[in-house]
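Student: Could you walk me through this structure, with a close look at one part of it? I would like to see how that part is put together before turning to its surroundings.

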Amino acid sequence: MSEAGDGGQLLASLERLRTELDGLRLPLDLPDAGRGRAGAAAVRDQLDDYLLPRLRQIDAPLLAVVGGSTGAGKSTLVNSLLRERVTRAGALRPTTRSPVLAHHPDDAPWFTGDRVLPALARSTGGDEPGGPAGATSPAASGLRLVSSPAVPAGLALIDAPDVDSVVDANRALAAQLLAAADLWVFVTTAARYADAVPWDLLAGAARRGASVAVVLDRVPAGAGDDAVLREVRADLAGMLSRGGLGAAPLFTVVEADGGDVDGLLPEAAVAPLRSWLDGLAGDARRRSLVVRRTLTGALDSLPERLAPVAGAASAQASASGLLHDDVVAAFATGREELETELTDGTLLRGEVLARWQEFVGTGELFRSLDAAVGRLRDRVGALVRGRPAPGAEPVGAAVRSGVADLVRARCAGALDRTRDRWASRPAGAQVLALAGPALELPDGFDERVARLVRDWQRGVLDLVRAEGEGRRTRARVLSFGVNALGVALMVVVFASTAFIPTGAEVGVGLGAAAVGQRLLEAVFGDAAVRALAARARADLLRRVDELVDVPRRRLDEVLDAAGVDDAAADRLAAALADVAAARRADA
Amino acid sequence: MSPFGRRAATASGPAGGLVDGRALVERVGALRAAVDAGGGRLETDAVAAAEPVLRRAEERLGLGTGRTVVALAGATGSGKSSLFNALAGLPLAQTGARRPTTASPTACVWGPEPAEELLDWLEVPRRHRSDRESALDAGDQVDLHGLVLLDLPDHDSTTLAHRLEVDRLVRLVDLLVWVVDPQKYADDALHARYLRRLAGHDDVVLLVLNQVDRLAPADADATQEDLRRLLAEDGLARADVLTTSARTGAGVAALRGRLADAVAARALALRRTEADLEDVRASLARGVAADVVPVPAAEDLPGADQLVGALAGAAGVPAVVDAVEGDHRRRAARRTGWPPLRWTARLRREPLRRLGLEGRRASGDGEAPELVVSSVPAPTPSQRAAVELAGRRVGAGCSQGLPPRWAAAVREAAAPPGPEVADALDRAVVGVELPRTSPRWWAVAGAAQVVLAVAAVVGLVWLAGLGVAAWLQLPDAAVPAVGPAREDGTRVLPLPTALAVGGLVLGALLAAVSRRVAAAGARRERRRAAERLEAAVRTVAADAVLGPVARVLAEHEHVRSSLAPPATTPRRDAPRRTARRRAGAAASAAGDERRGH
């Protein structure tokens, strides 16, 4: 047939689509993620089970799946068609758990390999294990092959599990088998024909334009039931035509009243269905028509069925983007606060200010200027007062603890904000659980903060020392002491963006900074001090940025590890567009 | 009496004893209170679901339990209407082959008491109500007096309106008789949509396997057993399973007997309500911790000490205690220092005065501490951050083991707005009575210093006088001497020298000793001040953070304990085995009965 030849492009595009679906991950528990995952798995299964094999071999035997509600008599019907007990029928629901594929002996090569339904392991002969099944019973993953001359060549019958019993695995398997069918033989009963669940599936089949035949099974036989039968049949036919399945052939199978032979229905009861199937199998043109109809319907339905998948994929991408944005925003706010507070003079309060004033105001600064006298006086003072005079070191220590507290608190605040924002997101709970300790400050963060400030202070002293290398300034720097000038520079940095004093404390702080500024200007000159302060400030902010990045990167890693693929939706759409293009080229 | 009768009697009076209406009304009130107390901290879904159930429970209890509402529910084509007619003995409900047959509920009422109010509540259309109490029936319907039997529409057909009607009535009736048939008994639509949601309602759910005439006897038993297994998976292990055939009439009498017992016990309305309330309780209880979460006193909360430390830092407590110590030292120096140098102490500002803490007390006026704002340095950003951090730690520590919403409430309570805390801290520090003692030895030492100084001055002046006399070559005056006597009877040390040197040396010595002693006193005073300030800060911490957190914890514990499972009804586990055995006996009895037909 021609399709097999120039279907190569279509086949390739479908294989690409399959690869995309197989690689698709929807890791975030968004409201539509479950639907997206199920939809992706269903389409992938249909590609494996039906579309790819059918396109590769368009003239393979027709696969008719006998499906319907539990207790509708599917197994009995299959057995009766074959005049042989190939599948177990029984009173306990659901009876059939692993599907049976019956084929003509000549058709065996088509089905023994994994050409169709590759995920189901093949077995031959033997009866399926019986026993009660609960909702959570494991899926019966096998496909039992039965070779029987009673099956017309060119057609294979699958006895599918029910579509509506409590066994979840059954329903999933039935849906998979129906998606793989060229022809769906829908079995219902007089008691069931108005049930909602199978009708949902039928409506889906009608939408896709799949080939369907309907069997009204278990029609009570006997006097007085003819009127009932006519009424039910007419009602069902009406429902079918309203549901867009008016063209589907409708067969009636009368329930044998205890007159079964070996649990089989009388031959006459299934004769019309049997001869219809025989005719279909024998007529290559009709068969091809059925196959083409279902194939076209399945291909047509791909965009519609993949729409929720693509939607779920892009929802994942945007949700992941929002989560990333939350982190960025939370840390940007923290970083901003930090930069402001480090440079607008607010640090020059409390401890730092007190130590600075102690250092400057009590004369320690100027005492340390005249080192020899100062040291002697210090010693005398220490003798008299019982404690040593404060030097530059207490200011340094105050600066260290002040900056460290600030950095730690702003990082913790950013993490808290991230936690709060995430908690309000749809996938929040899951991401919070994933993040776990990444939402706390990392171990050893305090030490890293302390090291940061120490390194910066060392850097500031180096700056001062380097600036003092000039021949003229050197002596002055030495006379003041590098430490004192370094501390002064730090104080200047902390007030470097404070232009408008807003309160008494800030005023005091700025006064302190002004003292430092004047001192530095006296040593280095106006311009040099500005450059020094800018460099020291840039150095501090750079170090702070590096440190703030540590907890932020951990959160980014958590989000990346969740495995959301931002481009998945686009690739899926591209693959679908390829399929559409290939079909247009085929047509 | 049929085996079902015995079973029914035990079902309506199980291990926990008979529930009574008043107790249930109380339980409704308790659950409402728990919902009110828990507020937004319970799971939204559970809270939203609780209110309709509570209202239904009240309404049903209000309608009295004299009537028992029994509904025949089931899939389309299972034979609900046929069974309804068989029980009523009259063709009241429409039956047919066309699916679905029944569109709106039909009611049949046994007994003379009016049931209009109940049927209005159930919203059964008036034209679908019948009374089964006529003179024609004589006394043979007396056993069902008090029964209101409903025939419900199907729940599984393509007609959505039917399903919605079933959903509504399933919540209202006292006893649900699910009619299933051999084809449909394992339908997911029945088990997932209805039976699993009725888990725990074993006493008010009855399964009837109808159309049993279509099965061989062996298949019938196996099917019944299979249905029982599915029920156990649904969480209805103790629910009864009967078999009937509306067509042949088999089992209908047994079902009727079962209903008669249920009506006679008059307890099903209560049982149903009790089971509903238990559902509400269980789903609400998922919003609280499963186990007791300890509610420590506010000051014993985890992280409380660090919080107090951080608040103390922010309140400037270290600066204040430093000032207290310095103040003590300075005052001591002024009183006991070496007189020639005492004035230097005045040159420095009083540390307490500088902090705005001294003037108020020294002036002793009645100004309320609330109006005084200290000049203790405002907390720095890093101190505020430290407070936030400590508060966050308290929140994190106290939210351990709590469900997310409660944990969020705890964290929120642990993070109060900064300015208020700062204000409260300032007031607390200003309100503290700082220790300011002037020990009595200061006066003694001070007087001694004066004496010594005078002695030194006298000695020096004397010496100076002697020096001047010597310079003027005046004759030596006899200078008195002190100290050990020499061999010639004269003393070693001239008195003026002794006065001058002794006064100076002893004064310096005394000053040094005084300073040491005063330093010890200052440290003592510092400790006392620290204790008082810390106590004040503790109060602020308790008011601003620890108290609110402890309150959330206490509320949680209150809600949790009021949602704890009732201890008196060990119904889920213990009776199951015996119920199972009884059910087995009932099943075999049913089999006997069916074969008898």
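Student: To begin with chain B, what percentage of its 597 residues count as buried?

Tutor: Happy to. Please keep in mind throughout that this is a predicted model. In chain B, 44% of the 597 residues count as buried. The chain holds 21 helices and 9 strands. Among contacts in chain B with a separation of 6 or more, 80% are between residues 24 or more positions apart.

Chain B is divided into domain 1 (1-65 + 268-288), domain 2 (67-265 + 584-596) and domain 3 (298-562). Where domain 1 and domain 3 of chain B meet, the contact takes 8 residues from domain 1 and 10 residues from domain 3. On the domain 1 side of that contact there are 5 nonpolar residues, 2 polar and 1 charged.

Now to the side of chain B that touches its partner. Here 40 residues of chain B are in contact with 43 residues of chain A. Two or more residues of this side come from each of helix H7 (188-195), helix H8 (217-234) and helix H16 (381-398) of chain B. H16(B) gives the most, with 8 residues. Sorted by class, the side of chain B that touches chain A has 17 nonpolar, 10 polar and 13 charged residues.

Of its 587 residues, 45% are buried. For chain A, residues 24 or more positions apart make up 81% of the contacts with a separation of 6 or more.

In general, two packed helices are described by the angle between their axes and the distance between the axes.

Take helix H14 (residues 393-423) of chain A to start with. The crossing of H14(A) past H20(A) is right-handed. From H14(A), A:Val407, A:Cys411, A:Leu415 and A:Thr418 meet a set of residues in H20(A) that includes A:Val544, A:Leu547 and A:Pro551. This contact has 8 nonpolar residues, 1 polar and no charged.

By class, the contact of H16(A) with H20(A) has 10 nonpolar, 1 polar and 6 charged residues.

A:Arg88 lies in the loop between helix H4 (74-82) and strand E2 (100-103) of chain A. A:Arg88 counts as partly exposed because it has 19 C-beta neighbours inside 10 Å, whereas a buried residue needs 20 or more. A:Val100 is 12 residues away from A:Arg88 along the chain, and their C-alpha atoms are separated by 9.7 Å.

Key
Residues numbered from 1 in each chain as written. Chains lettered and ligands numbered in written order. Predicted model: local features only at pLDDT ≥ 70, side-chain atom pairs only at ≥ 80, totals over all residues. Contact = placed C-beta atoms within 7 Å. Helix = DSSP H or I, 4+ residues; strand = E, 2+ residues; numbered from the N terminus. Nonpolar A, V, L, I, M, F, W, Y, C, P; charged D, E, K, R; others polar. Buried ≥ 20, exposed ≤ 12 C-beta atoms within 10 Å, placed from the backbone. Domains from an automatic or database assignment. Left-handed = near helix turned anticlockwise from the far one by under 90°.
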